[in-house]
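Colleague: I have a model open and want to learn to read it. Can you walk me through a few features?

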Amino acid sequence: MKFRSSIVAAALAVAGTKCVEGFSASGVVRQHASTSAHGLPMVATNAVVEGEVKPRKTREERLEAATKGLQVHCVGLSIHHAEVEVREKLAIPEAEWNDASNEICASGAVAEAAILSTCNRFEVYYAASDARAAMASVTKYLSERSGLPVSTLRKNLFMLSGDDAVWHVMRVAGGLDSLIVGEGQILSQVRQCHLHSIEEDGCGGKVLSRMLNNAVAAGKRVRSETAISKGSVSISSAAVELSEMLSQQDLNVPFSQARLAVVGAGKMTRLLITHLASRGLEKITIVNRSLGRPKELQEQFPDIDIEVKLMDDLWDVVGRSDIVYTATSCVDYVIDEQKMEENGLASGRPIMLVDISVPRNVGEDCNKIPNVSAYNVDDLKAVVAKNTAMRQREMIEAENLLREEAAQFVAWRESLSAIPTINQLQERANTFREQELDKCTRKLANANLSEKELEAVERLSRGIVAKLLHGPMAHLRNTETIEGKQTTLKELSAMFRLEEEESNARKRKGNGSARRRA
């Protein structure tokens, strides 16, 4: 076909794309090449240690713990790392995601947790202060749930911590870690993961829910600011794109006005109608050997006028249609030159035949008939290859956007480290204030000050302390870089001897406990 050679050439010219394999209703299979935020390959981690089991924290305690050094982690497996036999043993229905999160947090080693379980991946996002103990606890839970020994899980699991965990969830939400780059379903699934984590029985906490929310926002931004999700990358969607693109050229009829029919009523037909519906399809005729599946499609697409015909009416349907898609499991040609001529369809009326079946349903000799344009899977692969190459180029821009979003979360997470220092500074200053106020009050005992006058002195002391602390705390909050914030924390801690005071407080607490035991 003339069109095939030109579009294949165009596809190869776009990105030097190799022959695309693995086509199915779900689209193109892309080789996984995930990297960390620092450009390093992601590999499975085998570190598993025994963790001490602690009482489970309440939701309020988990929120408070967010300010005390929690780090985010991700452990799981996906289609890139594990066979389906392993993935299916860990799969959790969405209705049970929060139950599983609560079980993971029950040991006390994990402060916050959220589950993402899809057909292609199973991942646990969690926050903990002790990474090794938390990893041991999560791995133990996964082993018990799946019935698989830890040694088997180690071969399939990946584990990421800190910035790499944040980078991973950003790539997942952005569709860059998907089998089909830029696919939209995963963003909806990450959004559900976030929504479940913040439910009353969720275990998201302050840190994890913030990370998941940022990931959803990042995924939306990638799809709106890049073309990562544009262009057909599955056979069924490519069939629609190709026929829409060539309708005016081959039929001299706009695609929106073309009369459509499809032969077959299986999975490919359902996907085809789904893509057609997204383009405003109102009416289509389905030709099938039986009525069962076409009736099911009528129920699935109530807004589309679906006419159902049996195979006895095939040629009547072909004769009154402009575009005919074929998607049957027949091993022989359903439509070829001889059959078209025998049924009086070789008169020169423009017809487009789009064959999305393997083995083929339409004979290539149909192109010999005047004004008949026949296309098969090879033509559609060229469309997919071109669009896949385009999406690969968009990945670079998408990753730049995701890095910006990841950096925002990391900066927010680091800002939490300032909260304990601010609290310590306020407590130390208030202790000095109360000590000096107590001395002052004793000296003024004979001055017969009224209650209002004593309250005025109290307010004066609080105001002085607040004004003195405003400068240091504002400087700490406004420091933008992580390195700058860490430097400021060290300077304030040394300036006001906060670490020394904290050490003394621990000693006093320890001595008090010892006296009580005695």
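Predicted model: local features only at pLDDT ≥ 70, side-chain atom pairs only at ≥ 80, totals over all residues.

Colleague: What share of the residues is buried?

Modeller: Buried means under 20% relative accessible area. Of the 518 residues in the protein, 47% are buried. The accessible surface comes to about 26,100 Å². Carbon and sulfur atoms hold 50% of that surface.

Colleague: What do the contacts say about sequence separation?

Modeller: Take contacts between residues at least 6 apart in sequence. Of these, 73% join residues at least 24 apart.

Colleague: Now the sheet. In what order do its four strands run?

Modeller: Read across the sheet, strand by strand. The order is 2-3-1-4, the sheet is open, and the pairing is antiparallel.

Colleague: Why is one side of strand 2 and of strand 4 left without a neighbour in the sheet?

Modeller: Strand 2 (112-117) and strand 4 (158-161) stand at the edges. Each has a single partner strand, so one side of each has no neighbour in the sheet. Neighbouring strands are turned by 15° against each other on average, direction ignored.

Colleague: How many bridges join strand 2 and strand 3?

Modeller: Strand 2 pairs with strand 3 (residues 121-128) over six bridges, in the antiparallel sense.

Colleague: Which strands does helix 5 touch?

Modeller: Helix 5 (residues 131-146) packs on the sheet and touches strand 1 (71-78), strand 3 and strand 4. The direction of helix 5 makes about 145° with that of strand 3. Helix 7 (residues 163-174) lies across strand 1, strand 2, strand 3 and strand 4. Helix 7 runs at about 115° to strand 4.

Colleague: On to the surface. Which residues form a nonpolar patch there?

Modeller: Leu460, Ile464 and Leu468 do, with about 320 Å² of accessible area together. Ile464 is in helix 17 (residues 451-478).

Colleague: Why does Ile464 count as partly exposed?

Modeller: Ile464 has a relative accessible area of 45%, so it is partly exposed. Leu454 is also found in helix 17. Leu454 is partly exposed too, because its relative accessibility is 33%.

Colleague: How far is Leu454 from Thr441 in space?

Modeller: Their C-alpha atoms are 8.2 Å apart. In sequence, Leu454 and Thr441 are 13 residues apart.

Conventions: Residues numbered from 1 in each chain as written. Heavy atoms only, no water. Patch = residues over 30% accessible without salt bridge, like charges linked within 9 Å, V, L, I, M, F, W, Y side chains within 5 Å. Areas by Shrake-Rupley, 256 points an atom, 1.4 Å probe, with all protein chains shown as cover. Salt bridge = Lys/Arg side-chain N within 4 Å of Asp/Glu carboxyl O. Helix = DSSP H or I, 4+ residues; strand = E, 2+ residues; numbered from the N terminus. Buried < 20%, exposed > 50% of the residue type's maximum accessible area, 1.4 Å probe, protein only. Pairing = 2+ DSSP bridges. Axes fitted to C-alpha atoms, helices over the stretch in contact; angles between N-to-C directions. Contact = heavy atoms within 4.5 Å.
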